[in-house]
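I opened my notebook to get to know a structure that was new to me. Here is what I looked up, entry by entry.

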Amino acid sequence: MTDITLTVNGEEKTASVPPETTLLKMLREDLNYTGAKLGCDVGDCGACTVLVDGIAVNACLMLAGQAEGKNIETIEGLSTLEEYHPIQKAFEDVASLQCGFCGPGMIMSTKALIDQGEELTRDDIKDALSGNLCRCTGYTKIIEGVIDAYEEITGKKVPETNPRAA
Amino acid sequence: MADDVKTKEKTESLESLRKADDNLRLPTVPERTLFPKEIGIAPAREQTPAVGQRATRPDGRMHGLGQTKYIDDMFFPGMLHAKIKRACISHAKIKSIDVSEAEKMPGVMATLIGKEIPVNSFGPSYQDQPLLADDIVRHAGDGVAAVAAVTEQQALDALEKIKIVYEELTPVYDPMEAMKDDAVKIHNGESNVYSSKTIIKGDVEQGFKDSDFIFEKTFTTQMVEHVPMEPHASIAEWDANGRVTLHTSLGRITLGRADVSRTLDLPINRIRMIATVVGGNFGGKNEITTEPILALLSKKTGRPVKCVFTREDEFISSTTRHPFVMEYKTGMSKEGKIMARKVRLVCDGGAYCSWSETTLGKACILSAGPYNIDNLHVDAYAVYTNKTMTGAMRGFGAPQVCFAYESHMDDMAKELGIEPLEIRFMNAFNEGSTSPTGQLLEAVVVTDSLKMASERFGWKEWQK
Amino acid sequence: MKHRGKGIGCMWYPIGFTVLANPSAATVKINEDGTATLLTGTVETGQGSLTVLGQIAAEALGVSTDDVHVVSGDTDTTPMDTGAIASRTTYVSGNAIKLAAENARQILFEVAAPMLDVRPDQLEAVDRKIQVKYFPQRCLPIADVALQAQFVMGRPPIGSASYNPPTVGMDPETGQGKPFSTYVYATQCAEIEVDDETGEVEVIYMSAAHDCGTAINPMLVEGQIEGGISMGIGYALQEEMLFDDDGKQINPNLTNYIMPTSLDMPKIDVDIVENFDPTGPFGAKGVGEPTAVPTAAAICNAIHDAVGVRITSLPATAEKVLKAIKELRDGGEQKALPAAE
């Protein structure tokens, strides 16, 4: 067993886990943050996406030991008792999520993208979410939700594009 | 100023002392997920009339906050984890199963094999599928034994110690081969064809005679998986009154409960199935999978038992979409009217029936397309093969036949020099049309949908 | 070189089981403040059915979606339901819920009638009020009537009902019969681009016009259609479970089983075809499965339009399309020739 200390959503947390434990398993089973989901356990589906020092990471691919001392953000830390996070609000308002299993990962990838502070196009958003699989929605309303959240947070507009114009 | 600093230092040192003290005395309390005290309600949810509103979803809010509890997010005190040993051989007789070494492995609390299940068969149409194969393995994803252990890893390690002796049987994978009289029979019986359907309307031979042109083509489709993002998951808890509570990712709990009752030989009122949220279904979560196995493991150990499919389990052992072979023959008038159609459908039913019967029936009825055809003859067959079983999946055979009848339609339109949209308008069902089974149709809007979709697309103006 | 093409796919699809009974039951409890609780045995599997079913109950009671709380998915507490299968929830469960809500509402009407000095059959439930038809000035808040029913008249307004689609068995020889109560219809059009050097197909745009009867919640209907199209794109172009010679799957993982990602999705325009089915709850039918039905057909017809090859076996992978293009160029037989009789 190894003692691992890391910061989750601003709180310092310690747990004693076997060395092969992934960050996802530690978050879910030892620290009770079940927001990140296990969909494939090999980094294909993105349902376990969390932010590690601001970067979107598949928590199933990272060992807990690699996260020692790092700053982890999970879906549980987005909203506060006072404020509903704009990404979560946008996703609710346009019904971005259906079964919802991909949702926490999708939203964390979105946060990492918007936090970069760059001007975004629709293609940038599609790129950033391409590691997060969803079977229900066809991604359409998710992208709509991301655009709404981006515009709300940054005050900028995502340019309209027409893929049909060859 | 200096006093302020001193006070601050004092407060801080007291604070750290208190914290150290807390750490010593208090158990770790997990962080509660934060959510706003007052989020408010989207206006569409508060308006009347309710129908037609773009009302938001209360469950959607929970999904976004990460608060939805799927089965895998539930933990019960003393809960064990179960894993299923897969056959990894597509057709074989089981000579023996030895779980004694597995039972000695660290953390292992119980094992289960098929012979221990009171009624080891289930299925929505025919009960031809074992929960754990006990005599014959019919596809490589068949489960043959289960282990419950303290951790998932321990359960996985124990699976490696289960010893099974197989006698290999000749497999058959191609449904056309499996249909032949001399093919190996996958289930005891005279034929691997386990369901057939026929639809006859009018006189198809006369219809062909009255046609100006005859078109024939064969289409095939592949096997695909539902890929719900949440793999199948269940938790069983057997209680002191002999009742079992099952938290399960199942889309049809009432009928699932009947299946559990039958397999466990247990009165229905002693079974509770709870499926409050399912992480994607698409037809793949319409049947029980491990529920009775977990119930028995829970009974054996007196503890709750959870099983979550790995992604590989999901692919190899859950149902899939049927591959079809579809032979189409259509007679057309030179003006572009469908005069007669003959269809032969062969559906690769995999190792067990599951929802194949239903799929075959729907495919058979729908294979004519949304078109008026006076002379129609459809024959359809579902065939056992030694592959992953096929079952319900979004569309029940309709995507297969739609691919065929619509591809066929375009080929015919091209040969006859008729615009693809036009040929569909000419043949489409209208209000009061008669379906292939003789049913009078109402609220029919085929032409409206053709018009709307093509206008939105800009079909007529569109240029390469 | 890249070639654009357009293709169309049209379909019909039934609601509910083929002939077999597939009933749903429901219970609606109106609380003493005029809000309500709906008990249904169906399961929310992502499609938003609980929201839609709540809207149906709310409509029947003349209250808002938020006034109805939906309890589902527990065999100990909720009534029998065949479940989330066969695109049946809105239609079959919805009909049961509408009937259950009407039964509960009838108690309110009977209690309100003497209060409003009219007969129960003169009343309707609209905008959280029980009011006289064609004379809405005479009305009472639904909360007042519910309170009166429960605490003065001692009649808690609870209603239960069930529904099963009417069908006629099919003749075993000819298949003639009425296997379903109703059907939905839809068309999808695809604009695609084929790279003739790689065989790769990109879906650029899709328009989809779907009939679902009355759209109880248009936002959720759109979500179903967009999701169905993504599944249809995977079916048309990418997804295939492969087996080795021993019958073992080669690609039982999401690394090698390729399903659509955000990058594979085209721009989609969704239209809901206006329709009203008199047999459905408030005219509604269903929408879940049909959305995934015509997509592959539309895409393969667009491939044919773009490069002249007819794909007869799904999926239309880049390898398969490229091979067909090569065969066509080498003068191979790709054309379907009519054989006159």
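Entry one. Is B:Asp157 buried, exposed or partly exposed? I kept in mind that the model is predicted. I found B:Asp157 in helix 5 of chain B, which covers residues 152-159. I counted 18 other C-beta atoms within 10 Å of B:Asp157, so the residue is partly exposed. The cut-offs explain the call: buried takes 20 or more such atoms, and exposed takes 12 or fewer.

Entry two. I then looked from B:Asp157 to B:Trp355. The two are 198 residues apart in sequence, and their C-alpha atoms lie 34 Å apart in space.

Entry three. I turned to chain C and its domains. The assignment gives domain 1 as 2-13 + 181-329 and domain 2 as 17-163. The C-alpha centres of these two domains of chain C are 37 Å apart. Their contact draws 16 residues from domain 1 of chain C and 14 residues from domain 2 of chain C. On the domain 1 side, helix 4 of chain C (residues 218-238) has the largest share, three residues. I sorted that side by class and got eight nonpolar, six polar and two charged residues.

Where does chain C meet chain A? The contact takes 26 residues from chain C and 21 residues from chain A. On the chain C side, strand 10 (201-211), helix 4 and strand 11 (267-273) each give two or more residues. Helix 4 of chain C gives the most here, with seven residues. By class, I noted 11 nonpolar, 11 polar and four charged residues on the side of chain C that touches chain A.

How values were computed:
Residues are numbered from 1 along each chain as its sequence is written. Chains are lettered from A and ligands numbered from 1 in the order in which they are written. This is a predicted model: local features need pLDDT of at least 70, side-chain atom pairs count only at pLDDT 80 or more; totals for chains, interfaces and linings use all residues. Domain bounds come from an automatic or database domain assignment. Two residues are in contact if their C-beta atoms, placed from the backbone, lie within 7 Å. Helices (H or I, at least four residues) and strands (E, at least two) are DSSP runs, numbered from the N terminus. Ala, Val, Leu, Ile, Met, Phe, Trp, Tyr, Cys and Pro count as nonpolar, Asp, Glu, Lys and Arg as charged, and the others, Gly among them, as polar.
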